[in-house]
Amino acid sequence: MAQNYDAVRKDIVAILKKPDWDDGSLGPVLVRLAWHASGTYDSKTKTGGSNGATMRFKPESSDGANAGLEHARAFLEPIKQKHPWISYADLWTLAGVVAIEAMNGPKVPWKGGRSDVPPKVAQAQPAKVIPPNGRLPDAAQGAQHIRDVFYRMGFNDQDIVALSGAHSLGRCHTDRSGFSGPWTHTPDRFSNQYYRLLLNVDWREKKWDGPKQYVDPDDELMMLPTDMALIWDPKFKPYVELYAKDKEAFFKDFAAAFAKMLELGVTRQKL
Ligand code: ZEM
């Protein structure tokens with residue numbers, strides 16, 4: 001069948017609006033799926049990354065970091081059924097790109113051609129084809145940890161700050177990560193609000209029994225410890241200041257870094 005990615009894009013746009021889901025859009029959780037599918041990449045061993053769509057299999061599917069993404073995958077399943085020629089790896093990454101654009105974000109360059117690890121191969125050689133748990137960042141940690149994780153993928157400090165701007169979208173869920181609340185006032189819109197809030201709000205530790213997180217004085221918005229690290233670290237902070245005042249620079253740098261992330265480890269031969 002002809003590989004009509006535009007038809008798939010249209011079908012993704014059509015499912016985004018969902019009044020009974022979080023803030024009314026599936027966009028944020030689809031962006032998180034694209035990022036977690038890709039963010040397992042290790043440039044030294046050239047393992048992990050979006051190719052293969054290995055999050056269908058254990059142990060990746062049950063990595064605590066991926067809690068909640070079973071919903072994102074399930075929302076895309078009817079689109080996979082309708083367009084069986086597309087790989088899950090392409091569908092998950094394309095959904096992130098389409099969602100960002102539909103939520104007023106930049107156009108992120110995207111190219112198809114990823115293939116899926118066949119279930120039989122995943123079953124026979126899980127350790128060889130499925131990345132181990134623990135490669136995605138832990139929100140409870142600080143600047144050193146974020147650098148370890150993103151440098152492993154091949155990103156630098158500026159990329160880290162640009163990519164983190166995706167937290168203009170969506171929210172934390174106590175039943176997934178344990179954290180709670182949205183980062184911005186408009187969690188269904190891609191914007192540079194995250195950086196402006198980071199710099200301008202009087203963030204304080206939330207008083208609760210949950211994991212350490214930061215909230216504004218009204219306890220409506222939140223920041224993770226890893227988000228705060230971006231203003232506490234003297235090398236990250238200038239980029240937060242840049243993106244807070246220059247939305248165009250943020251959109252351009254985010255699009256380039258996110259496109260690069262979706263390509264990590266992608267070879268265009270059948271797996
Ligand atoms: Zn996130 N992220 N992330 N992130 N993320 C969450 C939600 C979302 C970190 C993290 O621990 C968390 C990037 C980087 C980092 C999105 C996109 C991107 C949540 C809340 C946590 C805890 C999960 C929940 O409870 O549902 C850490 C530590 C990061 C790096 C230091 C990058 C890079 C992203 C994309 C480019 C998005 C869109 C969400 C919102 C998901 C939703 O369901 O609303």
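**View 1. Serine 164 and its partners across the sequence.** Setting aside residues up to four places away in sequence, serine 164 touches Asp227 and Leu230; two residues are in contact here if their C-beta atoms, placed from the backbone, lie within 7 Å. This is a predicted model, in which local features need pLDDT of at least 70, side-chain atom pairs count only at pLDDT 80 or more, and totals for chains, interfaces and linings use all residues. Residues are numbered from 1 along each chain as its sequence is written. Serine 164 belongs to helix H8; helices (H or I, at least four residues) and strands (E, at least two) are DSSP runs, numbered from the N terminus. Is serine 164 buried or exposed? Serine 164 counts as buried, because it has 27 C-beta neighbours inside 10 Å. The term works like this: a residue is buried if 20 or more other C-beta atoms lie within 10 Å of its own, exposed if 12 or fewer, and partly exposed in between, with C-beta atoms placed from the backbone. Look also for threonine 226: its C-alpha is 9.4 Å from that of serine 164, while 62 residues separate the two in sequence.

**View 2. The shell around the ligand.** Here you can find the 25 residues that surround the ligand, the closest being Pro28, Ala139, Ala166, Gly170 and Ser177. A residue is near a molecule or strand if its C-beta atom, placed from the backbone, lies within 6 Å of it. Two or more residues of the shell come from each of helix H2 (27–38), helix H8 (157–164) and strand S1 (171–172). Of these, H2 gives the most, with five residues. By class, the shell around the ligand holds 14 nonpolar, seven polar and four charged residues; Ala, Val, Leu, Ile, Met, Phe, Trp, Tyr, Cys and Pro count as nonpolar, Asp, Glu, Lys and Arg as charged, and the others, Gly among them, as polar. At least three residues of the shell come from each of domain 1 (5–136 + 258–263) and domain 2 (143–256); these bounds come from an automatic or database domain assignment.

View 3. The centres of domain 1 and domain 2, taken over C-alpha atoms, are 22 Å apart. Across the boundary, 26 residues of domain 1 are in contact with 19 residues of domain 2. On the domain 1 side, H2 and helix H12 (247–263) are the elements that give two or more residues. Which element gives the largest share of that side? H2 does, with six residues. The side of domain 1 that touches domain 2 comprises twelve nonpolar, eight polar and six charged residues.

View 4. Zoom in on tryptophan 92: beyond its neighbours within four places in sequence, it is in contact with Leu33, Ala34, Ala37, Ser50, Ala53 and Leu76.

View 5. Most residues other than glycine have a negative phi, and most peptide bonds are trans. Between lysine 58 and proline 59 the peptide bond is cis, with omega about 5 degrees. Proline 59 sits in the loop between H2 and helix H3 (69–82). Aspartate 22 has a positive phi, near 40 degrees, in a residue other than glycine. Its loop runs between helix H1 (5–16) and H2, and aspartate 22 is partly exposed, because 16 other C-beta atoms lie within 10 Å. Aspartate 219, which is not a glycine either, also has a positive phi, of about 55 degrees. You will find aspartate 219 in the loop between strand S4 (214–215) and strand S5 (222–223). With 13 other C-beta atoms within 10 Å, aspartate 219 is partly exposed.
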